[in-house]
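Where would you start when describing it?

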Amino acid sequence: MIYEHGLLITVDAERRIIGDGAMVVRDGRFAAIDKTATLRERFPLEQRIDLKGKVVTPGLVNTHVHLAQAMIRGCADDMELLEWLGKRVWVLQGNYTEEDGRASAELCILEMLKSGTTAFVESLLAERYGFSGIAEVVLRSGIRAALAKIVMDVGTYATKTGWMHPGMVEDRDTSLKNTLAMYDQWNGAGNGRLAVWFGPRTPGGVTPELYRQITALAHERNMGVTVHLAEVASDRKFLQETYGLSPARYAESVGLVGPRVLLVHAVWMAAAVQTWVEVRHEIDELLDSHRAQAAALLVVQQAGEIDEHGPGIDAPTLHRYAPKVAFQVFHEGQLVLRSANAPAQPMAGTEREGQPQFRTVQIEGNDLSLIHI
Ligand SMILES: [Zn+2]
């Protein structure tokens, strides 16, 4: 099969962007990628599919998904996060059966595939959703996934004691033991398409001792860990009042840094009134000490979240650098910002000594900025 006359945006070693490009696909794999004319000559007998007017990109990677929430979308709109969780979402999810968990995962994965997503990270799979049933859905669908299973030892969220629905509370030993059991059973399944990660709850639901145990176990097994960090202002307040540490410093103190760690949301990394540059400064400190993929991904998440959570950030600064940001981690440590009218400028704070930090190419009047973190 030859797909021809498309605009191909590759992520190969030369970062080729091929106008009037073609791809030859055999047995589900790319056999060749080049100009249409070249491949027509090399593969004259292939069946042809016309991609005129279409752009072909690598699959999108969704770095933060809650599979269980696909089925209850719209049940609790326009609420503040903790109210939303405590009064609605956890009440619903806390009543899920394994059948519900599987059905919601099927819906969510179907939606991702239909919108071009070929890999995702599920961040908090509860025991009650049925891990194995969801792993089977992933394998059957063809998508690539990291499924992070909840680990926790305290039934609270930041400053809110007693806020968690009893159906969502798990105990330390069971949640830890079963995560490792699921890792042994499923990690690497589907020819490497499925990875099993730790999904510890936020600080407040997990003691520092348990975080340290998790990060040590993850290190031994080369497992991923994903954590919601500083999603709301009370997360930051909790960490400051309880441990006297900023979110970034707290993460560092319990080992939540390094190439296996994906920190998500990270809206309140710096104090309440801040600029993009100040937020970046704190992240840069982590980058300086660890130069980790974690920090790069954290920036990706932040770029996506700032727009919605305006009060925590200097919105005009963000808008100047990345209007209408659609982001994608094409491969480790590289962030791609795509925008219809984005000025060709790096985001503040990305400059680093001696390295080219970004380059910009023009495609049919649009800027495509490739930014190295
Ligand atoms: Zn989340």
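This is a predicted model: local features need pLDDT of at least 70, side-chain atom pairs count only at pLDDT 80 or more; totals for chains, interfaces and linings use all residues.

Residues are numbered from 1 along each chain as its sequence is written.

The protein has 12 helices and 15 strands (DSSP runs of H or I, at least four residues, for helices, and of E, at least two, for strands, numbered from the N terminus). Of its 373 residues, 38% are buried, meaning 20 or more other C-beta atoms, placed from the backbone, lie within 10 Å of the residue's own.

Now for the inside. A nonpolar core is a set of buried Ala, Val, Leu, Ile, Met, Phe, Trp, Tyr and Cys residues joined through C-beta atoms within 7 Å. The largest one here has 67 residues, and Trp197 and Leu256 are among those with the most contacts inside it. Strand E8 (residues 144-151) gives the largest share of this core, 6 residues. A second, separate core of 8 residues includes Ile9 and Met23.

Next, the helix pair. The axes (lines fitted to C-alpha atoms over the stretch in contact) of H3 and H4 come within 9 Å and cross at roughly 25 degrees. That makes H3 roughly parallel to H4, a label for angles under 35 degrees.

| Helix | Residues |
|---|---|
| H3 | residues 98-114 |
| H4 | residues 131-141 |

Notes. A residue is buried if 20 or more other C-beta atoms lie within 10 Å of its own, exposed if 12 or fewer, and partly exposed in between; C-beta atoms are placed from the backbone. Axes are lines fitted to C-alpha atoms, for helices over the stretch in contact, and angles run from 0 to 180 degrees between N-to-C directions. Angles under 35 degrees count as roughly parallel, over 145 as roughly antiparallel, 65 to 115 as roughly perpendicular and the rest as oblique.
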